Amino acid sequence: MKKNFIYLAFSLSCIGMLFSCTSEMDEFDDFQNAVVSRSVSTTSSLTYPISSFAQECSFSGEDLSEFEEMLSLMQSYDYMGHVYNPLFEYAKNGGNKLSSIGRDSNISTQGGYNPRTKAILINSAASISNVFPEEFIHFSQDIYYPGGTTQYITKGKPNIEMEAKIIEDCAALYGSVCSYYGAGPTYAEQYRQWVWDFVYESIDNFPSMNDVLTHKVSNIGYRDFVEDLKKKDASYNYESLNSLNPILIDFIYNKL
């Protein structure tokens, strides 16, 4: 599957609404209580409408328009869909849904997914388009990993965060807009080249788990990037686990 560059002009037109800064897999007190819920519409023309992966959604007006536009990009096969559609499909087939999606002005980060309540909250000032893709990946990790990701709230969190950022960065670079969220302060250049290799120097435009674990740039590889990510933000600075491999990446790869 090769990149279809006829989408480049469309991609560039969307730069203003796409990723700039993402959020963490933080745990929030009374996470769901902060969401004013409403019934999820089933009238969307999306392949995977909101109702297919969320029980409740409080977005309306411009928020809802932005959210559905972001979902459209994530589900477009020649844009980001080859990465995200397997995750939407996995949630749908397993009957797994977010408990709620909404705004909360009280959270300190841009937003986050809570694996205990299965909810995504986004800060009132944050862009939905910036936050949702990574948090949806965290939801996907939670329902795919044996035992869920509550067990990795602290120990193992750097692994979970790095995998999510690799997935988001590969999808975004394929769509021509990439913020390289997985880049830490020491090996940023090596990380950018590493992701580029996965997207543009491979047949599938996306890595297998083995590719992630073995490919190196200037002798810098996955484990180095995980440790470097811990330096990027205090919320990532927990013990990483060499036994915790990025298995969701392999799930996506095997669906290509």
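This note sets out points on the sheet, helix packing and salt bridges of the structure.

1. Basis. The model is predicted; local features need pLDDT of at least 70, side-chain atom pairs count only at pLDDT 80 or more, and totals for chains, interfaces and linings use all residues. Residues are numbered from 1 along each chain as its sequence is written, and side-chain values use heavy atoms, with hydrogens and water left out.

2. Sheet. Three strands form an open sheet in the order S1-S3-S2, with mixed pairing (strands are DSSP runs of E, at least two residues, and helices runs of H or I, at least four, numbered from the N terminus; two strands pair if DSSP finds at least two bridges between them). S1 (100–103) and S2 (111–114) are the edge strands, each with a single partner strand, so one side of each lacks a neighbour in the sheet. S2 and S3 (residues 119–122) pair in the antiparallel sense over four bridges. Within S3, Ile-120 is the bridge partner of Tyr-113.

3. Helix on the sheet. Helix H4 (residues 128–144) lies across S1, S2 and S3 and runs at about 15° to S2 (axes are lines fitted to C-alpha atoms, for helices over the stretch in contact, and angles run from 0 to 180 degrees between N-to-C directions).

4. Helix packing. The axes of H5 (residues 157–174) and H8 (residues 222–232) come within 9 Å and cross at roughly 105°. The two helices H5 and H8 are therefore roughly perpendicular to each other (65 to 115 degrees). In H5, Pro-158, Asn-159, Glu-161, Met-162, Lys-165 and Ile-166 meet residues of H8 that include Tyr-222, Phe-225 and Lys-230 (contact means heavy atoms within 4.5 Å).

5. The whole structure contains eight salt bridges (a side-chain nitrogen of Lys or Arg within 4 Å of a carboxyl oxygen of Asp or Glu). One of them joins Arg-103 to Asp-63, with the closest N and O atoms 2.9 Å apart. Arg-103 lies in strand S1 and Asp-63 in helix H2 (residues 61–75), 40 residues apart. Arg-103 is buried, at 17% relative accessible area, whereas Asp-63 is partly exposed, at 21% (buried means under 20%, exposed over 50%, partly exposed in between; 1.4 Å probe, protein chains only).

6. Lys-230 and Glu-227 meet at 3.0 Å, N to O; Lys-230 is buried at 14% and Glu-227 partly exposed at 34%. Asp-228 and Lys-231 meet at 3.9 Å; Asp-228 is buried at 1%, while Lys-231 is exposed at 54%.

7. Network. Salt bridges link Glu-134, Glu-161 and Lys-165 in a network.

Conventions:
Angles under 35 degrees count as roughly parallel, over 145 as roughly antiparallel, 65 to 115 as roughly perpendicular and the rest as oblique.
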